[in-house]
Amino acid sequence: MLSRLWDDGRVTNAPDDQQRPEPVVEPSVERAAESIVERDEVTVRRAPKVPVFLIMGAALGVVVSLIVTSLFPFDSGEGVAQTYGYISLWGFTIGGAVGCVVAIIAERVTSRGAKRVQVERERLEVPVAESDAVPRQVTDGESDRA
């Protein structure tokens with residue numbers, strides 16, 4: 001359960017080297033593809049998932065409000081459900097706020113373990129041919145009629 005609270009970075013949408021298809025470049029005299037490799041330094045860290053902390057804090061607030069409602073005597077004119085409903089609104093709100101505070105603290109703690117790594121990004125640029133660079137004019141058709 002605790003391992004699901006943090007994004008451990010194991011699941012990604014980026015393809016690995018074995019899944020990455022080779023770029024297809026058609027040999028042409030007019031178009032020469034140019035491969036540009038950019039190197040950059042990025043920060044990699046594990047970050048907590050804030051919505052999980054928010055939901056768990058709110059749920060704990062509702063459970064605590066149930067315990068508080070059952071411990072103290074309630075007014076005989078109002079039912080237990082009505083008293084619990086009123087107190088659970090406060091428990092839900094305060095629990096969610098406490099969950100957010102815990103998420104912020106966890107984020108600060110995990111940001112200390114951030115690592116800087118070097119990454120390479122490869123971009124393939126193909127120059128545009130002269131015939132492709134001139135846009136076609138779209139007319140209403142009257143200029144073609146004589």
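## A tour along helix 1

Exposed means over 50% relative accessible area, buried means under 20%, and partly exposed lies in between (1.4 Å probe, protein chains only). Helices (H or I, at least four residues) and strands (E, at least two) are DSSP runs, numbered from the N terminus.

This is a predicted model: local features need pLDDT of at least 70, side-chain atom pairs count only at pLDDT 80 or more, and totals for chains, interfaces and linings use all residues. Residues are numbered from 1 along each chain as its sequence is written, and side-chain values use heavy atoms, with hydrogens and water left out.

**Stop 1: the buried side.** Now select F53, G57, A58, G61, S65 and T69. These residues of helix 1 are buried. Why do they lie on the same side of helix 1? They cover an arc of only 140° around the axis, so they share that side. The arc is that of the directions from the helix axis to the C-beta atoms.

What do the buried residues of helix 1 pack against? Show strand 3 (47-48) and helix 2 (80-111): these are their partners. Contact means heavy atoms within 4.5 Å.

**Stop 2: the ends.** Pick the end C-alpha atoms of helix 1. They are 32 Å apart, which agrees with the 32 Å that its 22 residues should span at 1.5 Å a residue. The expected span is 1.5 Å times one less than the number of residues.

**Stop 3: I67.** Stay in helix 1 and select I67. I67 is partly exposed, with a relative accessible area of 45%. I67 and Y84 are 17 residues apart in sequence and 9.4 Å apart in space, C-alpha to C-alpha.

**Stop 4: T110.** Move to helix 2 and select T110. T110 counts as buried because its relative accessibility is 18%. Its side chain reaches the backbone oxygen of R46 at 3.2 Å.

**Stop 5: the whole chain.** Zoom out. The chain has 3 helices and 4 strands, in the pattern β-β-β-α-α-β-α along the sequence. Of its 146 residues, 13% count as buried.

Color by pLDDT, the predictor's confidence in each residue, from 0 to 100. The chain mean is 76, and 64% of residues reach 70 or more. Where pLDDT is low, the predicted coordinates should not be read in detail.

Key
Polar contact = N/O pair within 3.5 Å; in protein donor to acceptor, adjacent residues only side chain to side chain.
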